[in-house]
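Hi there,

Here is the structure I promised to pass on to you. Have a look at it first, and then read my notes below.

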Amino acid sequence: MTARTDMDEQMLDQAIAWQAALEQDDADWDAYLAWLEADPRHREAFDSIALVDAAITDNREQIKSVLAPDLTVPADPRPNRWRPRLLWGSAIAASLAILVAGPILRSNADPVVYENGGTTNRSLALANGTSVILAPSSRIVVTGKDAGAIELARGEAYFDVRHDSGRTLTVSAGTYRISDIGTRFSVNLASGTFRVGVAEGVVSVDAPGVAKPVRLGAGHQLVGGSGPLTLVPVDVAQIGSWRGGRLSYTDAPLALVAADISRYSGKAVIVDPSVEKKHFSGSLVIGDGSKLVGDLAGVMGIEAQSTGNAVRLGAVR
């Protein structure tokens, strides 16, 4: 893998700056998307930098063994991983790192695990132009050198898939299987509840107990869990809204909302049987995660009782 000759150093530096900016809670996603759309080379530059980021994080020891002695890789690359002038010396050195990291990733046909154990979102660039944003406390498993099969093991992820009529991406989440050939969608798997929302394009979902796949177009979400599948229209702006600091829902099971809040608040949120059949529609500001439970309880008219490092949501007594 080589950097394109018309991708200049300034463009790579901009991509590095966006890579760092998108990991902040107040990331300006509108400005980022505008930058991507301003020049097709911007996406290529960002994908290249994100690939280096993923390679450093997930293949740190292998990269250490082939880098020159004066190019060190930090033991813990978060936060503030991207310091192009200090770590790499220049964008040219970053391009050399791509040459080093690329073969390491491509030669690994075994499943590769990407996990976000931090408190901010993590951006990944996979093969064939697939970009993934992982929410906190989330994990995906990527199989094959072309990243054609991805498992969402837990949490939530936003997928931006470049159209390629010659291949189909498959994302599995529990017993659900999503097929895509080029679109943008968000998938959530939490507490036995599944949700997929499509922001652009069309996906096909195979679900247990359903005779044929369910097709979802932009502005629709499919929710599954203990009850029947539910397909409803949603505002496209809601899909993946957690990337911009909000948790937005349309007729979402309370168990799914509680699991999302658990990831951001750091506390286990337990749903009492007295309210387990309730659904929530609305938006919650994430912030530092500390107010999410109280905000949800206030909006829904339910009770939140804290016990140690857990919170139980139940009917008001």
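**Salt bridges and a helix pair**

Arg-195 and Glu-156 form a salt bridge, with their closest N and O atoms 3.6 Å apart. Arg-195 sits in strand β9 (residues 193–200) and Glu-156 in strand β5 (residues 149–160), so this pair links parts of the chain that are 39 residues apart. Both Arg-195 and Glu-156 are buried. Please keep in mind that this is a predicted model.

By the rule used here, the count comes to seven salt bridges. Side chains of opposite charge can pair when their charged atoms come close.

Another one joins Asp-272 and Arg-312, at 3.3 Å from N to O. Asp-272 lies in the loop between β15 (268–271) and β16 (279–285), while Arg-312 is in strand β18 (residues 310–314), so the bridge ties together parts 40 residues apart in sequence. Asp-272 is partly exposed, with a relative accessible area of 21%, and Arg-312 is partly exposed too, at 36%. Salt bridges with shared partners also join Glu-156, Arg-195, Asp-260 and Arg-263 into one network.

Now for the helices. The axes of α7 (residues 254–265) and α8 (residues 292–300) come within 10 Å and cross at roughly 155°. Because angles over 145 degrees count as roughly antiparallel, α7 is roughly antiparallel to α8. Which residues of α7 and α8 meet? Leu-254, Val-257, Ile-261 and Tyr-264 in α7 meet Leu-292, Val-293, Leu-296 and Met-300 in α8. By class, this contact has eight nonpolar residues, with no polar and no charged ones.

Happy exploring!

Technical notes: Residues are numbered from 1 along each chain as its sequence is written. This is a predicted model: local features need pLDDT of at least 70, side-chain atom pairs count only at pLDDT 80 or more; totals for chains, interfaces and linings use all residues. Side-chain values use heavy atoms; hydrogens and water are left out. Axes are lines fitted to C-alpha atoms, for helices over the stretch in contact, and angles run from 0 to 180 degrees between N-to-C directions. Helices (H or I, at least four residues) and strands (E, at least two) are DSSP runs, numbered from the N terminus. Angles under 35 degrees count as roughly parallel, over 145 as roughly antiparallel, 65 to 115 as roughly perpendicular and the rest as oblique. Contact means heavy atoms within 4.5 Å. Ala, Val, Leu, Ile, Met, Phe, Trp, Tyr, Cys and Pro count as nonpolar, Asp, Glu, Lys and Arg as charged, and the others, Gly among them, as polar. A salt bridge is a side-chain nitrogen of Lys or Arg within 4 Å of a carboxyl oxygen of Asp or Glu. Buried means under 20% relative accessible area, exposed over 50%, partly exposed in between (1.4 Å probe, protein chains only).
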